[in-house]
Amino acid sequence: MDEIVIQGGRRLDGEVRISGAKNAALPMLAASLLTGGRFCYTNVPDLKDIESIRQLLCTIGAEISETPDGLTVDTTGLNDVEAPYELVRKMRASVLVLGPLLARLGRARVSLPGGCAIGARPINMHLEGFSRLGARITLEHGYVQAEAETLTGSEIFFDVPTVTGTENLMMAAVLAKGTTVLRNAAKEPEISALADMLNAMGARVSGAGTSTITIEGVDRLIPATVRVIPDRIEAGTYMVAAALTGGCIRVLDADARHMKALIAKLRKTGTDVDPGEHAITVTGRRPVASVDIKTLPYPGFPTDMQAQFMVLMCIANGLSMVSETIFENRFIHVLELQRMGADIQISGNHAMVRGTARLSGAPVMASDLRASACLVLAGLVAEGTTRISRVYHLDRGYETIEEKFRSLGADIERVRQNPKIAGGSGTKPVSGRTSPEN
Ligand code: EPU
């Protein structure tokens, strides 16, 4: 299994180009199942999760080929309606095929995702929404089966805004008879990107980006050519890296309009953030001021940036209260940060972070994607060597992260545990990426 080894303490300066957003590409790729034909995608990130959805689409019968600047997906001849357990357990977002398959073929069978490291993450609101559109939902042998001769537009109220739930229901409703209104819908930029794609396919979706989305069902859709929006969480991670190391990083291709909550908080820490048309320039200043953060649905502070921002608070001047309101178990990184000398007390969904002068490098273990990014950031600012294990989580969501950090001046390297050399220093550097454990 790979490890990332970092010699910390270097200031990071330079330019880094942001990739396409994983969480926008996943629903946009699933949307290709809505109608037969050839879809063209550009700015698709090269990530494990994208590999997983590609595998799933191919299992269902899509033909996918790589082009110099992206992917084409041909969904003319589908031969299956099932997302098997082996794929869903690798990536929960596999449930995004439910909506489009139900809309196009009237039937879908998807393995129910189990719990995950950051929380229980049920999909009850997706399923209740499909029922409201007239689908029969049954659960058997760990699989959800959804069936409907016709879907009929309806009013759907989400108890809490759900990102993939909103996406799934939008995709199911575009071919339904009549009008669907989604209330208390999620407002993330990835939802608006999916709505734009659906409208380019001939759908009639309005209000995406607000809490009320209206979908007027149409009889047919056509394939589209689409570009994936930039990844605001990847961009945010590099922005925090500048603040953390006191460097100056130009984050290219990032969209500052999608990052207002993070930018406001970074500025309160004393960090300079200068959003330009094609790049955001972030300059770290000392001392770093402590600020409180509370994760909330968009446009609030993103839960996917909580762990990374917490590292900045670990070296800030004073006390910071970090409150996590989206997922019930998203503080696993705290235990690892404590091993690096961070002073953090957890009480329920609050973490009280007392800034310390320094973090010290240590062997640590990644538990999920954003916790892994947090440990990389901690390693970059810590004194000495940090070894991060279970880094396959990183490959799900950060394209060429070591290369990108190295180009900014970081001393970071991926090493592969060599099973033939038992114990001791049985590791060797690798240049490429390897498959995750699961
Ligand atoms: N929830 C329910 N029932 C449902 C759906 C959600 O109770 O049917 C709860 C969840 O347990 C959670 C809250 O509602 O407490 C919000 O969850 P949401 O459904 O919005 O999360 P998601 O759609 O499963 C997406 C991202 C996550 C990101 C969250 C929150 C994708 C593929 N995933 O997940 O991204 O953290 O929204 O913004 O878009 C990541 O990229 O690292 C990641 C975890």
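Ser211 sits in the loop that links β12 (204-206) to β13 (212-216); helices here are DSSP runs of H or I with at least four residues, strands are E runs of at least two, and both are numbered from the N terminus. What you're looking at is a predicted model, where local features need pLDDT of at least 70, side-chain atom pairs count only at pLDDT 80 or more, and totals for chains, interfaces and linings use all residues. Residues are numbered from 1 along each chain as its sequence is written, and side-chain values use heavy atoms, with hydrogens and water left out.

**Around Ser211**

- With a relative accessible area of 30%, Ser211 is partly exposed; buried means under 20%, exposed over 50%, and partly exposed in between, using a 1.4 Å probe and protein chains only.
- Setting aside residues up to four places away in sequence, Ser211 touches Leu182, Arg183, Asn184, Ala185 and Lys187, where a contact means heavy atoms within 4.5 Å.
- Arg390 is 179 residues from Ser211 in sequence, and the two are 37 Å apart in space, C-alpha to C-alpha.

**The chain as a whole**

- There are 14 helices and 25 strands in the chain.
- A compact globule of 438 residues would have a radius of gyration near 22 Å, and the chain agrees, because its own value is 22 Å. That radius is taken over C-alpha atoms, and the globule rule is 2.2 Å times the number of residues to the power 0.38.
- The C-alpha trace spans about 65 × 50 × 40 Å along its principal axes.
- Out of 438 residues, 56% count as buried.
- If you take the contacts with a separation of 6 or more, 72% come from residues 24 or more positions apart.
- The accessible surface is about 17,400 Å², and carbon and sulfur atoms hold 48% of that; the areas come from the Shrake-Rupley method with a 1.4 Å probe, and for residues only the protein chains shown count as cover.
- The chain has 47 positive and 48 negative charges, and their mean positions are 2 Å apart. Lys and Arg count as positive, Asp and Glu as negative, while His and the chain ends are not counted; each charge is placed at NZ of Lys, CZ of Arg, CG of Asp or CD of Glu.

**Arg232 in helix α8**

- Arg232 belongs to helix α8, which covers residues 232-245.
- Arg232 counts as buried because its relative accessibility is 11%.
- Neighbours within four places in sequence aside, Arg232 is in contact with Glu188, Pro189, Glu190, His258, Met259, Tyr298 and Pro302.

**Helix α4, tucked in**

- Helix α4 (residues 98-105) is largely enclosed by the rest of the structure, since six of its eight residues are buried.
- Those buried residues are Leu98, Gly99, Pro100, Leu101, Leu102 and Ala103.
- They pack against α1 (22-30), α2 (48-60), β7, α5 (124-132), β9 (143-147) and α6 (163-173).
- Just past α4 comes Gly106, with a positive phi of about 75°.

**A four-stranded sheet**

- Read in order, β6-β7-β9-β8 make an open sheet of four strands with mixed pairing; two strands pair if DSSP finds at least two bridges between them.
- At the edges are β6 (82-83) and β8 (136-140), each pairing on one side only.
- β6 runs parallel to β7 (residues 107-111), joined by two bridges, and Ala83 stands opposite Val110 in β7.

**Strand β3 and its partners**

- β3 (residues 38-42) pairs with β5 (residues 70-74) in the antiparallel sense over five bridges; there, Arg38 has Asp74 as its bridge partner.
- β3 also pairs with β14 (residues 225-227), this time in the parallel sense over three bridges, and Cys40 stands opposite Thr225.

**Strand β21 and its two faces**

- On β21 (residues 350-354), Ala351 and Val353 form a covered face, while His350, Met352 and Arg354 form an uncovered one.
- β19 (residues 319-323) pairs with β21 in the antiparallel sense over five bridges, with Ser320 and Val353 as bridge partners.
- β20 (residues 343-347) runs antiparallel to β21 too, joined by five bridges, and Ile346 stands opposite Ala351.
- β20 and β21 make a hairpin with two residues between them, and Gly348 in the turn has a positive phi of about 60°.
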